[in-house]
Amino acid sequence: MRVLVTGGAGFIGANFVLRTLQQRPDVQITVLDKLTYAANPATLEPVADRIDLVKGDIADADLVDSLIAATDVVVHFAAESHNDNSLADPSSFVHTNLVGTFALLEAVRRHDVRYHHISTDEVYGDLDLDDPARFTESTAYNPSSPYSSTKAGSDLLVRAWVRSFGLRATISNCSNNYGPYQHIEKFIPRQITNVLSGVRPRLYGDGLNVRDWIHVDDHNDAVWTIIERGQIGETYLIGADGEVNNRTVVETILELLDQPADAFDFVTDRPGHDRRYAIDSTRLRTELGWRPQYVDFRAGLSATIDWYRDHPDWWQPHKQAVEQTYATTEKVIG
Ligand code: NAD
Ligand code: TDX
């Protein structure tokens with residue numbers, strides 16, 4: 001089977017490539033990645049001779065057409081993925097998440113190729129802390145940020161291409177991922193590498209916002225489950241019942257790194273900050289038989305801390321620039 005992985009040099013895509021090579025040696029992988037600031041080519045260096053890595057933009061219709069003509073399945077991870085960046089400048093989010101997805105869909109349509117679309121639970125907006133509800137496949141779309149609205153738009157393009165043109169596509173909407181190779185602009189690796197650098201972790205607002213954490217390997221196993229057994233035209237929510245508030249995550253990181261649990265700062269809140277995400281993944285579990293392997297968040301977090309501690313060469317060269325960018329908007333408030 002020939003698989004085209006867009007965004008395969010980013011966090012989730014690279015973990016997908018590495019795990020697929022380990023577990024499915026017969027799969028031939030081509031990665032299409034623009035190698036933006038979010039990519040770290042070092043992640044794929046150890047497998048460079050086992051994959052084709054094409055540097056290019058998913059919105060480049062000619063390039064995308066030629067690659068899709070020679071593949072059996074497209075797994076579309078490529079995106080601008082960080083909410084804070086989308087608030088500072090949304091333009092690349094519209095380009096990649098909307099125009100880029102459009103170029104892929106048109107090529108997939110021309111060549112009748114199987115397509116799996118990676119998306120996020122953020123398309124559903126947020127829930128109150130005391131709301132017993134969780135997101136399901138039938139929750140109405142209500143995105144809050146430029147990032148989540150462009151992801152929502154890309155999902156809707158896929159749904160329309162399925163209905164109008166009979167595209168052989170599936171969609172998955174997953175909750176917050178953690179694990180190795182995640183860019184240090186994101187919450188968990190930012191705080192881990194802060195503590196490892198002698199800097200205090202930073203919580204937005206009151207720190208009580210809830211995210212539903214899932215290990216990246218569980219996400220990627222679910223993606224393969226959907227590619228192999230998912231029903232064409234359908235959407236599956238991926239989540240591992242991992243709801244935790246941000247303050248608890250920071251306190252756990254501090255404790256695991258032998259620091260006082262209160263050695264963090266509160267900083268200015270993110271504008272429009274979604275309060276809580278929560279996924280009900282019953283459909284994926286009952287219809288397709290998927291189960292998460294990482295059911296102990298503290299153990300998964302501990303392993304992730306070990307990974308960052310053991311791989312300073314992967315993240316240290318980028319730490320100062322990431323923190324300088326945050327420093328332009330962030331103020332300590334307590
Ligand atoms: P990431 O930012 O770590 O990686 C994105 C990759 O896409 C990078 O390698 C980047 O170079 C590439 N890219 C960006 N623009 C491109 C373009 N125009 N053409 C080609 N490549 C381009 O993101 P991630 O966290 O790995 O997220 C991957 C996917 O999963 C995204 O679609 C995201 O919306 C989705 N998702 C992420 C999470 C999460 O918690 N990180 C949760 C649910 C869904
Ligand atoms: O320094 C920080 N302090 C802080 O309190 C950072 C970077 C974040 N936060 C908060 C904001 C969120 O409540 O932590 C939570 C997680 O923040 P992010 O890592 O930026 O993730 P989020 O905005 O929830 O979006 C993530 O999950 C869904 C991914 O970045 C998206 O790509 C994915 O779709």
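Two strands pair if DSSP finds at least two bridges between them. Helices (H or I, at least four residues) and strands (E, at least two) are DSSP runs, numbered from the N terminus. The views below show a predicted model, in which local features need pLDDT of at least 70 and side-chain atom pairs count only at pLDDT 80 or more, while totals for chains, interfaces and linings use all residues. Residues are numbered from 1 along each chain as its sequence is written, and chains are lettered from A and ligands numbered from 1 in the order in which they are written.

**View 1. Strand S6 and its strand partners.** Let's start with S6, residues 169-174. S6 runs parallel to S11 (residues 235-238), joined by 4 bridges, and here Asn-173 stands opposite Leu-237. S6 also pairs in the parallel sense with S5 (residues 114-120), over 6 bridges. Look for Tyr-115, whose bridge partner in S6 is Ala-169.

**View 2. The two faces of S6.** In a regular strand the side chains alternate between the two faces of the sheet. On one side of S6 you will find Ala-169, Ile-171 and Asn-173, on the other Thr-170, Ser-172 and Cys-174, and all are buried (20 or more other C-beta atoms within 10 Å of a residue's own, with C-beta atoms placed from the backbone).

**View 3. From S5 to S6.** Follow S5, helix H5 (residues 146-165) and S6: together they make a right-handed β-α-β unit. Right-handed means that, with the strands pointing away from the viewer, the path from the first strand over the helix to the second runs clockwise.

**View 4. The shell around ligand 1.** Helix H1 (11-23), strand S2 (28-33), helix H4 (91-111) and S5 each supply at least two residues, and H1 gives the most, with 3.

Technical notes:
Buried ≥ 20, exposed ≤ 12 C-beta atoms within 10 Å, placed from the backbone.
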